Amino acid sequence: MPGDEPLLAARQRIAWHAVLIVASAPSIVLSGSLLVGPVSRWWSPWAGVVVAVIWVGSGPIVLYRSRRAERRYASSSAAVGAATMPVATARVRTAWKYVALGAGVPRSTCTIRVVEGKTFSASHFSDRHIEISRHTVNVLTARQLEAIVAHEFGHHLQRSAVLRELLTWYRRLFDTMGIMAYRPSVRLVRALNATSRPGEEALLFVGGIVAWLGAGSAILVGLWLLLGPWAVLLALAGIPWQGVLVQRRAWWCEFHADRVAVDLGYARYLREALTIAETECVGTGDFVPAWLQSHPGNERRFAAMDSAQRRWTAPGS
Ligand SMILES: [Zn+2]
């Protein structure tokens, strides 16, 4: 029921935060060890302590700076959006007015703005603002737009953006190594998509696998030499799970945000809007569209919305 939504969101929030912290742990431990381990072994233990303190302290500073930059960007682009897209801005503000009214929260809970954009997109940011592309506003009806705004408001109730940013910072060093291993193979597979000669494709595919395995083993050997065999074991056992957990959690967040929109009475309009989004997204011709890399497919989302609605109407009906 809409009335118990904040409580429900708070309870799920703790579980999501725990999943995020557990999922990030292997990368954080390896990042910290890569910074502190060699310094304390080859220089002095005290230098290691100093590096550790600087590293831990850097998180809040980076977070503060990025939020300040985000706020500044948000207020300037909100002004630009309101000046250059007055009709679209008025439409999203009206949509948010109704969603806030339905949810029983003051309108100041979130700020909403339109940004230039030729693709379907809507996002929620850590400093409580919602951003919707002009294209999205143009292709949706008033009710569908409210449904999308209600979904983004659902993300606001989860309030996980700050924790996610902080953990991303502490994971960065090791994750960057992983990306470096992954990138050459992606480049080669992209090149493969661009060519048409079968022999060439096979060669590039094999090249991609060799590049990936080569860079991956170089990282593992580097970890062994710098930190010892435990680091290799942690990387082999923990890292594959990390990706799976992070993706699962992202899906739960989407299901929950959909649930908020359903509870506010937008089930039908959210389905319509998501169908438009997926149709456009598939039309781009990408192998896996960017949107579906982080979001569950519509079939899964609709099934989750159905079961939420069944629970909602179950007693006595
Ligand atoms: Zn979402």
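In α3, the residues Arg 91, Val 92, Ala 95, Trp 96, Tyr 98, Val 99 and Ala 103 meet Ala 142, Leu 145, Glu 146, Val 149, Ala 150 and Phe 153 of α5, contact meaning heavy atoms within 4.5 Å. The residues of this contact comprise 11 nonpolar, no polar and two charged. Helices are DSSP runs (H or I, at least four residues) and strands likewise (E, at least two), numbered from the N terminus.

| Helix | Residues |
|---|---|
| α3 | 86-103 |
| α5 | 142-158 |

The two helices, α3 and α5, pack at an angle of about 60°, and their axes are 9 Å apart. α3 is therefore oblique to α5 (angles under 35 degrees count as roughly parallel, over 145 as roughly antiparallel, 65 to 115 as roughly perpendicular and the rest as oblique). The crossing of α3 and α5 is right-handed.

The largest nonpolar core has 32 residues, of which Trp 96 and Ile 132 touch the most other members. Such a core is a set of buried (under 20% relative accessible area, 1.4 Å probe, protein chains only) Ala, Val, Leu, Ile, Met, Phe, Trp, Tyr and Cys residues joined through side-chain atoms within 4.5 Å. At least two residues each come from α3, β1 (111-115), β3 (129-133), α5, α8 (229-263), α9 (267-282) and α11 (298-313); α5 gives the most, with seven residues. Apart from this core lies another, of 10 residues, including Leu 30 and Val 232.

Residues are numbered from 1 along each chain as its sequence is written. In this predicted model, local features need pLDDT of at least 70 and side-chain atom pairs count only at pLDDT 80 or more, while totals for chains, interfaces and linings use all residues, and side-chain values use heavy atoms, with hydrogens and water left out.

How values were computed:
Axes fitted to C-alpha atoms, helices over the stretch in contact; angles between N-to-C directions. Left-handed = near helix turned anticlockwise from the far one by under 90°. Nonpolar A, V, L, I, M, F, W, Y, C, P; charged D, E, K, R; others polar. Buried < 20%, exposed > 50% of the residue type's maximum accessible area, 1.4 Å probe, protein only.
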